[in-house]
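Colleague: Please take me through one part of this model in detail. I would like the start of the chain and how it sits against the rest.

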Amino acid sequence: MNHPLRQLATDHALASDGKKALRLRFGLACANRVRHLLEEPRAVELLDVLQAFVDGRVDEAALQTAAVEAAQVASHHRGSASIDGSKHSAVSATYAMANALAGRALDAAEYAAYSTVYGYGGYAVNDPDSFTPEYNWQVDELTRLLRVEEMAT
């Protein structure tokens, strides 16, 4: 668990109603970090819906429809018994995408971090240091987005 990220989110009330746009932008950024690991073409298309929403090209109804479908896509991912971690990485990337679309940015971040680390190999998830680069990026990205939001207000 990325404790510094959770603290930053708490300090800036990321869970509040007024921060929905920020949650979506941050979730999108995290999911895009593992976009290349998505195996299902529909998962990529759904992530594109989130990008379109953030860009103002689709409405809330389209986002909600995509979020429902994303949850279904994630829950039906075939997964793998593979010990190399690559299929687990794809599953986690798919859950990152679904959580990003649902506005659950911290969950999207956690799944994205697991996806990245599983990509190193299944063994890596047992080494907390394997998560450090991704966790640091997440804190830096949320900090950057908070600055952008602050400058816009």
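Modeller: A helix here is a DSSP run of H or I, at least four residues long, and helices are numbered from the N terminus. Keep in mind that this is a predicted model.

Take H1, residues 3–11. At its start, Asn2 points a side-chain oxygen at the backbone nitrogen of Leu5, to within 3.2 Å. Just after H1 comes Ala13, with a positive phi of about 50°.

Now the sides of the helix. Leu5, Leu8 and Ala9 are buried. Viewed down the axis of H1, the buried residues fall within an arc of 100°, so they line one face. An α-helix has 3.6 residues a turn, so residues three or four places apart point the same way. On the other side of H1, His3, Pro4, Thr10 and Asp11 are exposed.

What covers the buried face? The cover includes H2 (20–33), H6 (105–120) and H7 (132–152). Beyond its neighbours within four places in sequence, Phe26 is in contact with Leu5, Ala105, Ala109, Gln138, Glu141, Leu142 and Leu145.

Phe26 also belongs to the largest nonpolar core, of 37 residues. Along with Leu46, Leu47, Leu50, Met97, Leu101 and Leu142, Phe26 touches the most other members. H1 gives two or more residues to this core, as do H2, H3 (41–54), H4 (60–75), H5 (86–101), H6 and H7.

Technical notes. Residues are numbered from 1 along each chain as its sequence is written. This is a predicted model: local features need pLDDT of at least 70, side-chain atom pairs count only at pLDDT 80 or more; totals for chains, interfaces and linings use all residues. Side-chain values use heavy atoms; hydrogens and water are left out. Buried means under 20% relative accessible area, exposed over 50%, partly exposed in between (1.4 Å probe, protein chains only). The arc is that of the directions from the helix axis to the C-beta atoms. Contact means heavy atoms within 4.5 Å. A polar contact is a pair of N or O atoms within 3.5 Å; within protein, one must be able to donate a hydrogen and the other to accept it, and residues adjacent in sequence count only if both atoms are side-chain atoms. A nonpolar core is a set of buried Ala, Val, Leu, Ile, Met, Phe, Trp, Tyr and Cys residues joined through side-chain atoms within 4.5 Å.
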